Amino acid sequence: MIGFVAGFGRCGTSLACAMLAAGGLPVAGVAPVFEDHRFSPRRTDPAWLLAQTGRVIKWVCPLTTW
């Protein structure tokens, strides 16, 4: 199972990941931003994603521009 903390930019996803990490859950990425360049809503390395089983992943959704 993989957990996701998802949201738009500047909405508290880093804070949510920090609280989960402080509670003992493994979170992908490095504090304080908990972001990894191998994961994004537009492109993801499938091997990396599979290796994150048991972790929480931060997913920042880009705003759509018209």
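Is Phe34 buried or exposed? At 8% relative accessibility, Phe34 counts as buried, where buried means under 20% relative accessible area, exposed over 50% and partly exposed in between, with a 1.4 Å probe and protein chains only. This is a predicted model, in which local features need pLDDT of at least 70 and side-chain atom pairs count only at pLDDT 80 or more, whereas totals for chains, interfaces and linings use all residues. Residues are numbered from 1 along each chain as its sequence is written, and side-chain values use heavy atoms, with hydrogens and water left out.

**View 1. The largest nonpolar core has five residues.** Val5, Cys17, Val27, Phe34 and Val56 form this core, a nonpolar core being a set of buried Ala, Val, Leu, Ile, Met, Phe, Trp, Tyr and Cys residues joined through side-chain atoms within 4.5 Å. Leaving aside residues up to four places away in sequence, Val56 touches Gly3, Val5, Leu20, Leu25, Pro26, Val27 and Ala28, with contact meaning heavy atoms within 4.5 Å.

**View 2. Backbone features in the loops.** Phe34 lies in the loop between helix 1 and helix 2, and its phi, near 55 degrees, is a positive value in a residue other than glycine; helices (H or I, at least four residues) and strands (E, at least two) are DSSP runs, numbered from the N terminus. Pro32 also lies in the loop between helix 1 and helix 2, and a cis peptide bond with omega of about 5 degrees joins Ala31 and Pro32. Arg10, in the loop between strand 1 (3-8) and helix 1, has a positive phi of about 65 degrees although it is not a glycine, and it counts as exposed because its relative accessibility is 88%.

**View 3. Asp36 and its polar contact with Arg38.** Asp36 is found in the loop between helix 1 (13-22) and helix 2 (46-51), and it counts as buried because its relative accessibility is 19%. The side chains of Asp36 and Arg38 are joined by a polar contact of 2.8 Å, that is, a pair of N or O atoms within 3.5 Å; within protein, one must be able to donate a hydrogen and the other to accept it, and residues adjacent in sequence count only if both atoms are side-chain atoms.

**View 4. Confidence in the predicted chain.** The protein chain averages a pLDDT of 89, and 95% of the residues score at least 70, pLDDT being the predictor's confidence in each residue, from 0 to 100.
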